[in-house]
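Student: Please take a close look at one part of this model, namely the pairing of oppositely charged side chains. Then describe what lies around it.

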Amino acid sequence: MNSKLLRKSVLGVAGLAFAGGVVAGPATAAPSVESKPVAATVLADKPDTGKLIPHGVQGKQSRIDLDDEQTANVKAIIAATKKADMDERAAVVAIATALQESKLVNLGHLGERNDHDSQGLFQQRPSSGWGTVEQITDPEYSTLAFLKGLKQVDGWQDMPLTKAAQTVQVSAYPFHYAQWETQAADLVAEHWNN
């Protein structure tokens, strides 16, 4: 979706430049100015993919379309990551984890379908010491709690995403986090500098 928007923007700018040249005629002896292509300027504001996915992805990747609530939760995770003074890679790990745990929906208690007392974006459990229900259903609090756990994992930056996430979450399905790495990286690239 972003590449389509970028492509349309670049083509629109190129079209305006062409139309301006046709109407105004050829430029005359203007001083030589070194300029960057529009696409390079737009992409320079995005985090480096090598920093977002330093170990490559593991396994087949999944992707879902996000609604406004889910996008707001992505932005809340990124803001909390910055507040915790952690980098883009930490945001990728956090967003991939929340994608797996809740599809980025701030879930309350699901009744019989609930996994014990798990709630919120990260499906954290009050009975396991993550905080009160009110706290773990607050996107900022739950993200900061997740990141506090991540900081305590020695060498998390050098681990594959699924191992770092699993060490914090202790899931019954430890390899499921890996499938969200590409979408999480794309979301961080899109929203980190917003």
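**Salt bridges and their surroundings**

Tutor: Aspartate 186 and arginine 63 meet through their side chains in a salt bridge, with an N to O distance of 2.5 Å; the term stands for a side-chain nitrogen of Lys or Arg within 4 Å of a carboxyl oxygen of Asp or Glu. This pair links distant parts of the chain, 123 residues apart: aspartate 186 is in helix 9 (residues 181–191), and arginine 63 is in the loop between helix 3 and helix 4 (68–83). Helices here are DSSP runs of H or I with at least four residues, strands are runs of E with at least two, and both are numbered from the N terminus. Aspartate 186 has a relative accessible area of 36% and is therefore partly exposed. That class lies between buried, under 20% relative accessible area, and exposed, over 50%, for a 1.4 Å probe and protein chains only.

The model is predicted, so local features need pLDDT of at least 70 and side-chain atom pairs count only at pLDDT 80 or more, while totals for chains, interfaces and linings use all residues. Residues are numbered from 1 along each chain as its sequence is written, and side-chain values use heavy atoms, with hydrogens and water left out.

A search of the whole structure gives four salt bridges. In general, side chains of opposite charge can pair when their charged atoms come close. Another of the four joins lysine 51 to glutamate 88, with 3.3 Å between the closest N and O atoms. Lysine 51 is in helix 3 (residues 49–52) and glutamate 88 in helix 5, so this bridge ties together parts that are 37 residues apart in sequence. The two partners fall into separate accessibility classes: lysine 51 is partly exposed at 39%, whereas glutamate 88 is buried at 12%.

Aspartate 87 also lies in this region, in the loop between helix 4 and helix 5. Not counting residues up to four places away in sequence, aspartate 87 touches Lys51, Thr81, Trp156 and Trp192, contact meaning heavy atoms within 4.5 Å. With a relative accessible area of 29%, aspartate 87 is partly exposed. Aspartate 85 belongs to the loop between helix 4 and helix 5 as well and counts as exposed at 71% relative accessibility. Although aspartate 85 is not a glycine, its phi is positive, about 60°. Most residues other than glycine have a negative phi.

A further salt bridge pairs lysine 83 with glutamate 140, the closest N and O atoms being 2.6 Å apart. Since lysine 83 is in helix 4 and glutamate 140 in helix 7, the pair ties together parts that are 57 residues apart in sequence. Lysine 83 is exposed at 57% relative accessibility, and glutamate 140 is partly exposed at 35%.

Helix 7 (residues 139–151) also packs on helix 8 (residues 161–169), at an angle of about 110° and with the axes 9 Å apart; axes are lines fitted to C-alpha atoms, for helices over the stretch in contact, and angles run from 0 to 180 degrees between N-to-C directions. Helix 7 is therefore roughly perpendicular to helix 8, a label covering 65 to 115 degrees, with under 35 roughly parallel, over 145 roughly antiparallel and the rest oblique. Phe146, Gly149 and Leu150 from helix 7 meet Ala164, Val168 and Gln169 from helix 8. By class this contact holds four nonpolar, two polar and no charged residues; Ala, Val, Leu, Ile, Met, Phe, Trp, Tyr, Cys and Pro count as nonpolar, Asp, Glu, Lys and Arg as charged, and the others, Gly among them, as polar.

Helix 4 also contains glutamine 70, which is buried with a relative accessible area of 8%. Beyond its neighbours within four places in sequence, glutamine 70 is in contact with Ile64, Asp65, Lys103, Leu104 and Val105. Lysine 103 sits in the loop between helix 5 and helix 6 (133–136), is partly exposed at 32%, and has a positive phi near 55°.

As for the setting, the chain has nine helices and zero strands. Of its 194 residues, 36% are buried. Among contacts with a separation of 6 or more, 65% involve residues 24 or more positions apart.
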